[in-house]
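Here is a short report on aromatic contacts and a metal site. Please look at the model first.

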Amino acid sequence: MIRQYELVERVSAYDPNADEALLNRAYVFSLTAHGSQTRASGDPYFSHPVEVAGILTEYRLDTATIVTALLHDTVEDTVATIDEIGEVFGPEIAKLVDGVTKLSKLELRPEANQQAENLRKLVLAMSDDIRVLLVKLADRLHNMRTLHYLANPDKRRRIAAETMEIYAPLAERLGMQRIKQELEDISFVELNPEARDSVLRRLEYLRAGTGNLAEKISAELQQVLSEAGIVAEVSGREKTPFSIWRKMQRDNVTFEQLADIVAFRIVVDSIPDCYQALGVVHGEYPMVPDRFKDYISTPKRNGYRSIHTAVIGPGNSRVEIQIRTRQMHQVAELGVAAHWQYKQQLTPKDGSQYRWLQELLEILEHAHSPEEFLEHTKLEMFHDQVFCFTPRGEVIALPRGATPVDFAYAVHTDVGDTCVGAKVNGRTVPLRTELGNGDQVEILRSKTPAPDPAWENVVATGKARSAIRRAVRNKQRDEYRRLGSAIAEKAFREAGHEFTERALENVLRTLNMSSVEEVYVALGDGTLSSRQLLERVFPGERRWYSRGAFDAINRMLPARLRRSGVPRGDGEAGLPIRGLTPGVAVHYAECCHPLPGDRIVGVMTKGRGVDIHTIDCERLEGAQDDPEAWMDLRWDVDPAEPGEHVGRIVAVVSNEPGSLSNLSSVIARNMGNISNLKITNRSQDFFDMQLDIEVSDLKHLTDIIAALRATPCISSVERVRG
Ligand code: MN
C-alpha cells in the first residue's frame with residue numbers, strides 16, 4: 001500500500017503547486033473513515049482508495065482529483081456525509097466526491113448495443129466534471145485488478161460485462177489507451193476464458209517458432225533509420241489477448257504471423273521526422289496495400305495522432321508500424337491527462353486549472369462527423385438530456401425537462417395513452433415531476449386509454465405531445481359521436497317521430513356529409529343543431545320549433561331566465577351525460593361547478609361541445625340570445641362509479657387560532673377533499689375564503705355545508721353560483 005508521504009511526494013513531483021496539507025488531510029480522513037473495513041482480498045479497505053489515487057498520479061492529475069480518489073468511497077461505504085466533506089475539503093471536492101458516489105450507485109446492465117451506447121451517455125451526462133469520470137475509471141481499474149477475489153461468479157461476470165461495454169469504451173474516448181486495454185483484457189478473463197486461453201496458447205506457439213524475431217526486427221529498423229540520419233526509438237509491443245481476439249472476430253481472420261501479435265513503434269522528435277521515417281521504411285521494404293493511415297494530418301476523434309503502416313519487413317514477415325512524435329506518444333498513452341500536463345508546462349500558473357478540460361472540449365468539438373461529435377465526450381452536450389431506466393433496466397433518453405408522461409410515450413404510445421400515474425425510484429410522484437439522470441421510472445397504467453388533455457402542458461417531447469393530441473382528438477370524436485347520436489334520438493322523439501338511422505342516411509347529401517357518424521359528430525360538437533337536422537329530415541314540419549313554443553316554455557321559468565331556451569320540468573327528459581369525460585365533449589362550467597343532483601342545462605358551443613351549468617347559474621343570462629344552443633341535460637350517474645366532482649363554497653371564518661384547522665377537519669370528517677383554498681379577504685375579525693371541495697354529488701356538498709354551519713368558528717357558508 002502506498003504510504004502517506006509517498007503519495008504526497010508523487011503528486012508534488014509533477015505538480016509544484018500541489019496542496020500537500022489537503023492531500024495529507026484526505027489520506028487521514030479516508031483511513032479513519034474506512035477504519036477496520038476489509039476488501040474481498042482480505043486487505044484493509046483503505047488500500048483501495050489509496051491505489052485508485054496512485055493510478056491517477058500516473059496520469060499526473062491535480063490535487064483535487066487525487067483527494068477525490070482518496071475520498072471516493074467514504075460517502076457510500078462509511079458514516080461520512082457529503083456535507084461533512086464539504087466542510088473539511090471545500091465545495092469543489094464535495095461536488096467531485098458526490099459525482100463519483102452517484103456514478104457508483106448506478107447498476108448498468110447493458111443488453112443490446114443500443115443500450116450500451118445510451119448507458120455510456122448516461123455516465124458522461126452524470127460526470128459534470130471530467131475529473132469525476134477519471135476517478136471512476138481508476139476506481140474501476142483497481143476493482144478489475146482485484147476482481148478475481150470476488151467469490152460470486154455471476155457478480156464477477158456482471159461487473160466484467162459492465163466494464164467491457166461501458167467503461168472500456170469511455171476510457172478509449174478519453175484517449176486513455178492503457179486503461180482501456182487493461183480493462184478489456186481483465187474483462188475478457190471473466191467473459192470468455194476459453195477464447196482467451198486459446199489465444200494465449202497460440203501466442204506461445206508463435207513465440208516458440210520465431211524466437212527473438214521481434215528484437216531482431218526492432219534492431220534492423222533502428223539500423224535502417226539511423227543510417228538515414230533519423231534519431232528514433234524503436235520498440236515492439238505484443239498486443240493484448242483481447243485485442244488479438246477482437247481483430248480475429250472483426251476481420252474474420254486467424255493469426256499466423258508475428259505482425260498479428262506485435263506492433264512496432266517508431267518514436268521521433270518532430271512531425272517532419274515522422275514523414276521522413278515513413279519514407280525510409282517504405283523505401284526499404286515493400287508496403288502492404290491498404291494499410292497506410294495518416295492520423296497525424298487527420299487525428300482520431302479522441303485526439304490520437306500517429307502514422308500507421310504495414311510492410312513486408314525483415315525476414316519476409318509482415319510488420320505493423322506506428323510512427324509518432326514523443327508528444328503524440330504521450331497523448332496516446334495518457335489521453336486527456338496528457339493535455340492537462342502540457343498545458344501546465346506551457347503556461348504554469350495561468351490561474352486556470354480547467355485549461356486542460358477546455359483543451360479536451362476543443363479537440364472533441366473538432367471531431368469529424370456530427371455523430372462522432374454527439375457520441376464523444378463534450379460533457380455539456382448532455383446537459384440538455386436525461387437518461388432514465390425502465391423497471392427492467394432499459395435506458396430511455398429524454399430531453400431535459402421531460403416528465404413521466406414523456407417517459408411513458410417514449411416507451412410506447414400505448415403505455416402513454418394508458419398512463420395514470422408514475423413511481424420514480426419507488427415513490428409515487430405527480431405526473432408533472434421533472435425527471436433526473438439515472439431515475440428509475442415505473443408507469444402505472446389503466447386498462448383503457450384515457451390521456452388527459454392537460455398533459456400537453458407537462459410534456460417536453462414532441463412525440464408525447466402529438467400522441468396526446470391524437471388520442472384526445474380520437475376520444476373527442478368518439479364522445480361527440482355518442483352525444484350526437486343521443487341528441488338525434490331525442491330530437492326525433494320530441495318531434496313525434498320514431499328514430500331511424502335510415503332517415504339520416506336519406507339526408508346525407510343535402511347535409512353535405514358522407515356518413516351517419518359524421519352527422520352524429522356534427523350534432524355532438526355543435527356545428528349542426530337538432531333543429532337544422534329535423535328541418536332536413538321532415539321539411540315543412542316547423543311548428544315544434546317556432547319561437548312560440550319556446551316562449552311558452554319561457555313563461556314557466558323564473559323571471560331572470562325568461563327569453564332563453566331553458567327547458568322546463570325536473571330534467572328527467574333531458575339527455576343523459578353518463579359516460580362522457582369532462583374536458584372532452586362536455587365541460588363543467590367553472591362559474592357554478594355543477595354537481596350530480598343539480599338541475600343542469602347545457603349550452604352548445606360550435607366546435608367545442610357542451611358547457612354544463614346549473615340551471616340557476618348567472619352566466620346563463622349571457623347565453624340566452626341563442627335559444628337553439630340550449631340543451632336539456634340530466635346526470636344519470638352510475639351508482640357504482642360516482643366519480644369526483646368539484647363543488648365551490650365561500651365561507652366566512654373568524655380570525656382566531658385554530659379556526660382554519662377546524663374548518664379543514666370538519667370537511668375531512670365528512671369525506672370531502674379540499675382541492676383549492678383561497679383567502680379572498682382578511683379583516684380584523686374574519687377571513688373570507690373560497691374553497692373547492694371534491695365531493696361525489698350535491699347531497700355530499702350539502703352535508704358538508706350543513707356541518708360547517710354547525711361549527712362555532714364559522715359564521716357563514718354558501719355555495720358559489722356563477
Ligand atoms: Mn471504489
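Buried means under 20% relative accessible area, exposed over 50%, and partly exposed in between, using a 1.4 Å probe and protein chains only. This is a predicted model: local features need pLDDT of at least 70, side-chain atom pairs count only at pLDDT 80 or more, and totals for chains, interfaces and linings use all residues. Residues are numbered from 1 along each chain as its sequence is written, and side-chain values use heavy atoms, with hydrogens and water left out.

**Aromatic pairs**

Rings of Phe, Tyr and Trp (its six-membered ring) pair if their centres lie within 6.5 Å; planes under 30 degrees apart are stacked, over 60 edge-to-face, the rest tilted. This rule gives nine aromatic pairs. Two of them are tabulated.

| Pair | Centre distance | Plane angle | Class |
|---|---|---|---|
| Phe492 and Phe499 | 5.0 Å | 90 degrees | edge-to-face |
| Tyr588 and Trp635 | 5.6 Å | 35 degrees | tilted |

Phe492 is buried at 0% relative accessible area. Trp635 is also buried, at 9%. Tyr588 is partly exposed, at 23%. Elsewhere, Phe188, Phe242 and Trp245 make up one aromatic cluster.

**Manganese site**

Donors are N, O and S atoms within 2.8 Å of the metal (3.2 Å for Na, K and Ca); water is not among the atoms, so sites may look incomplete. The manganese ion has protein donors from His48 (NE2), His72 (NE2), Asp73 (OD) and Asp139 (OD), at 2.1 to 2.3 Å. Their sequence spacing is H-x23-H-D-x65-D. Asp73 is buried, with 6% relative accessible area. Asp139 is buried too, at 3%.
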